[in-house]
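These are my notebook entries on a structure that I looked up. I record the charged pairs, the contact between the chains, the aromatic rings and a few single residues.

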Amino acid sequence: MANLNVNSVTVIYKGNRIGIKDASFKAEEGEIVGFIGADGTGKSSLMHAISGIIKFKGEISFGKYVYHSPKEAEKVKKYIGFMPQGLGLILYDRLTVEEHLDFFANVRNIKMDKNFKTYKQKLLHMAGLSRFTEREAEHLSGGMRQKLSLICTLIHRPRLLLLDEPTTGVDPLSRLELWEILDNIRKEEGTIIIVSTAYMQEASKMDRLLLFDDNRIMASGTSKQLTDSVRNYVYKKTPCKDTDCLELHNVTYSLKPLNSEHKDPTLEDIFFINALKNRKKLTEISVSKRERRLEIPPIVMEAKGLTKKFGDFVADDKIDMELKRNEILGLFGANGAGKTTFIKMLLGLYPIDEGELTLLSQPIRSGRDRRKLKSKIGYVSQHFALYKNMSVRENLIYFASIHQIPASEALRRIERYGKELGFSDYLDAMPKDLPLGINQRFSIAAAIIHEPVVLFLDEPTSGIDVIARHQFWQLLKLLKEQWGISILITTHYMSEAEYCDRVVLLKEGKKIADDTVENFYKKHPEASNFEEIFLEYYREAN
Amino acid sequence: MNIGVIKAYILKEFKELIRTRMIFIVYAIPIIVIVLFGYGIKLDVTHSRVLIIDNDQSKLSRELIEKFKHSKYFNATELNISESKALKLIKQAKKDAVIIIPNSFEKRLIKNQKVNIGVFIDGSFPNRARTIENYIEGVIIDDLQSYAPKTSISTNVININPRSLFNQAMRDEDAIVPGLIGFVLLVAPAVLSALLIVKEKEEGTIFNFYASPISKEDFLIAKLTPPFILHSLNIFILFLIAVYLFNVPFRGSFTLYWFSSELYILISLAIGLLVSVVTRSQIVALVLTVVITVLPGFLYSGMIMPISSMSQESYIEAHMFPVMYYNHIIYDTFLIGEGLNSRKIILYLIILTIYASVLFILGRLFLKKELKK
């Protein structure tokens with residue numbers, strides 16, 4: 001029996017930055033252990049330590065091997081398979097699928113005998129890549145790249161498999177297929193599998209979970225154990241003003257018993273209750289009225305048959321969409337479904353190949369039409385376009401000056417946003433030193449400094465922890481209520497559909513569904529969450 | 001050492017080099033450099049445009065003008081215009097030099113009196129100007145000397161220092177092309193080997209090395225063999241270009257040329273390896289490699305200036321870089337042919353071997369099989 005035993009492992013980076021502190025856990029053969037937590041909470045650091053590719057303090061043992069450093073870990077590497085974070089990071093763009101498998105086998109010194117060939121065919125089959133053996137990695141989709149990386153990591157039949165966010169950025173269908181492969185492998189080979197993920201929903205596929213927060217393992221156990229441990233603190237929304245209480249949009253947490261009905265706890269709740277227990281104060285977010293009143297038309301954006309082609313590839317195919325006044329519209333779809341391309345067409349970052357676009361009752365035909373509207377539109381891109389070497393305040397002043405807001409007014413607004421959105425303590429810090437959640441809120445401040453009428457947000461919540469994400473949605477809701485703003489947002493977290501008024505589903509450049517969230521649930525009464533509905537549509541469309 | 005693993009890596013590198021078209025760069029750049037520089041860097045001057053104003057119109061002055069007209073170094077024209085007009089032509093860059101023969105040129109020469117020949121040269125490019133000046137003086141001296149035996153003209157009447165190499169028709173190609181080989185074989189392999197390792201760091205495929213049981217030695221052999229093989233072919237290509245395109249004589253031993261070049265490529269690869277150990281992105285690796293190879297490769301190659309005539313500091317610096325040793329050997333194989341009979345060449349081969357070994361040992365020591373913190 002080769003079990004894994006991690007004993008108070010600590011990884012510290014340059015400048016005393018802590019990667020992971022005092023992590024201990026055990027894993028048995030055939031077990032899937034899940035690392036769950038936001039970006040920067042230490043999941044990758046711990047994986048790197050276990051794979052023996054970074055220096056660490058503490059002790060790790062696997063079977064009869066004990067190691068304290070990468071050097072000592074060298075002898076276990078032949079039993080380990082490690083897949084780092086990043087879509088197909090370990091692939092060579094110019095090698096074909098088949099060449100990849102042969103290369104990884106050769107590097108691992110595997111005899112190219114009949115056994116190997118059968119195993120290779122089996123892996124290819126599992127990954128659904130049998131038909132694409134001649135294709136170069138460069139031309140594979142994100143999901144396919146990820147599956148190829150996985151089977152390359154599996155080719156030497158590792159006894160210990162470490163996968164760092166294998167499903168991030170992968171569409172829900174490919175995600176399911178990845179999990180099937182993992183389940184087969186651990187059953188057939190008795191492999192220990194350690195998987196990290198930012199998707200709470202995937203927790204149900206794991207035998208044991210480790211929750212990461214603040215660069216520590218905050219809690220561990222099965223999904224049920226973990227949720228049960230907080231069951232007593234989770235209530236249906238009840239007013240509660242106590243310091244032991246936390247009231248969110250549809251749930252209330254309380255450390256003291258409340259005279260109210262309990263609610264089924266989720267893993268996300270654990271993070272809030274942990275914050276509550278540690279007396280971590282959640283930043284209160286508020287938004288005051290617009291400084292200038294505006295007349296807003298009932299339809300803010302209307303797209304008719306919007307099409308974008310890149311050569312032969314149709315990124316967006318005749319898409320009709322409407323964004324109403326005072327509405328949050330969620331744009332959902334797998335990777336490469338055309339979400340970002342669509343937003344970029346709306347913004348004029350890509351020319352529109354076919355179709356008509358009307359923004360704020362103004363038909364958009366030329367750059368001049370757009371320029372008139374610039375002051376009414378706000379945009380946050382996938383990777384917050386902030387200047388890394390300018391402080392938060394300097395960044396905001398810069399964005400204000402782009403919109404020709406007088407300096408005195410800009411400074412006043414920056415102070416106000418800092419207070420309301422809860423980043424006034426960080427105004428003089430550099431964006432690179434701030435947590436992602438703070439950067440995200442101040443990106444929003446930059447996008448709304450000119451008080452726009454409509455806001456386009458492209459995956460603003462990727463990699464952000466549960467609490468920051470919740471605060472972010474609270475902010476969007478307040479903006480809608482106070483400003484009557486319209487928001488078009490894309491995201492990979494299906495659970496965030498609940499915050500939207502309406503949801504549009506895209507698949508391979510086509511619109512496959514468009515309805516209010518309530519109606520989606522009415523049409524699919526059997527679905528317990530939005531992810532299931534999403535998958536339903538994706539399968540139907542196949 | 002694990003041959004299977006190394007073979008797999010090498011095969012992969014070759015596939016990538018071919019499919020990314022990098023292979024063209026491996027051969028195109030050295031050829032372009034040697035051809036462009038070989039033709040481009042000419043230290044001697046031919047066909048400089050000279051205007052001659054003959055104020056004497058005598059037999060001697062016309063003979064002197066004929067001498068200029070028949071020299072390949074000058075495109076001489078004779079015009080009777082004023083001095084100031086002639087100087088204007090230099091200003092407009094229409095002429096490189098103006099020679100003014102005074103009216104009593106013949107008379108004074110015969111009487112053995114001092115003659116002042118006015119020479120004006122465009123000094124925009126000082127080196128070129130100096131060369132032209134020397135050539136002009138050379139022609140005049142040459143002309144006078146041909147009269148000296150017949151007449152009583154003494155060559156002392158015109159006080160000039162002719163360029164001594166002038167009449168030997170020393171070819172620039174012979175001096176420059178072998179030096180260019182030393183330059184190219186230092187820069188190109190280093191760039192390639194640096195990129196091949198840093199590319200994996202930048203793209204993340206380096207994890208395949210970190211997380212697998214491949215030893216550091218095997219990884220290095222696998223990574224450096226493809227650039228070594230590819231650039232070994234360049235040794236022959238560059239040789240052929242030098243001998244057949246530039247007609248540089250080859251007087252020494254080809255084996256010595258070949259062996260020392262392979263050794264030199266190893267040094268270059270090791271420099272690339274050291275760069276790739278300290279850098280994380282391809283662009284930084286490229287710039288760093290170019291800076292540390294191009295400058296010494298050019299300055300201390302002996303191409304521009306002989307090492308022996310360098311000042312103290314640069315003399316020491318020249319000895320710190322491998323270029324000088326290698327270039328000494330290949331200048332010998334091309335132009336002299338003393339080969340292993342020369343003690344100095346044997347010593348230099350030993351120095352190059354030590355150089356290569358030290359660099360490889362350093363590269364191996366610094367190569368980490370773990371993430372940098």
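**Salt bridges.** I found that Glu291(A), Glu409(A), Arg412(A), Arg413(A), Arg416(A) and Glu420(A) are linked in a network of salt bridges. I counted a salt bridge where a side-chain nitrogen of Lys or Arg is within 4 Å of a carboxyl oxygen of Asp or Glu. Over all chains, my search of the whole structure gave 52 salt bridges.

I note for the record that this is a predicted model, in which local features need pLDDT of at least 70, side-chain atom pairs count only at pLDDT 80 or more, and totals for chains, interfaces and linings use all residues. Residues are numbered from 1 along each chain as its sequence is written, chains are lettered from A and ligands numbered from 1 in the order in which they are written, and side-chain values use heavy atoms, with hydrogens and water left out.

I then looked up single pairs. Arg49(B) and Asp96(B) meet in a salt bridge, 3.0 Å from N to O. Arg49(B) is in strand 1 (residues 48-54) of chain B and Asp96(B) in the loop between helix 4 (83-91) and strand 3 (97-101), so this pair ties together parts that are 47 residues apart in sequence. Helices (H or I, at least four residues) and strands (E, at least two) are DSSP runs, numbered from the N terminus. For accessibility, I used buried for under 20% relative accessible area, exposed for over 50%, and partly exposed in between (1.4 Å probe, protein chains only). Arg49(B) is partly exposed at 32%, whereas Asp96(B) is buried at 7%.

In chain A, Glu354(A) and Lys309(A) form a salt bridge, with their closest N and O atoms 3.4 Å apart. Glu354(A) belongs to strand 17 (residues 354-359) and Lys309(A) to strand 14 (residues 299-310), so parts 45 residues apart in sequence are tied together.

**Contact between the chains.** I found that 32 residues from chain A and 25 residues from chain B take part, where contact means heavy atoms within 4.5 Å. The buried area is about 2600 Å², and carbon and sulfur atoms give 59% of it. This area is the accessible area (1.4 Å probe) that two parts lose on being put together, summed over both. In chain A, Ile53(A), Tyr92(A) and Arg94(A) lose the most area to chain B, together 23% of what that side buries. I counted 4 salt bridges between chain A and chain B. Glu370(B) forms a salt bridge with Lys55(A), the closest N and O atoms being 2.8 Å apart.

**Aromatic rings.** I paired rings of Phe, Tyr and Trp (its six-membered ring) if their centres lie within 6.5 Å; planes under 30 degrees apart count as stacked, over 60 as edge-to-face and the rest as tilted. The count was 43 aromatic pairs over all chains. Phe239(B) and Phe250(B) form an edge-to-face pair, 4.9 Å centre to centre with 85° between the planes. Phe239(B) is buried at 13% relative accessible area, while Phe250(B) is partly exposed at 24%. One aromatic cluster has members from both chains, among them Phe82(A), Tyr92(A), Tyr9(B) and Phe207(B).

**A single residue.** Where does Thr461(A) lie? I found Thr461(A) in the loop between strand 20 (454-458) and helix 14 (466-483) of chain A. Thr461(A) is buried, at 1% relative accessibility. Leaving out residues up to four places away in sequence, Thr461(A) touches several residues, including Gln440(A), Trp473(A) and Glu496(A).
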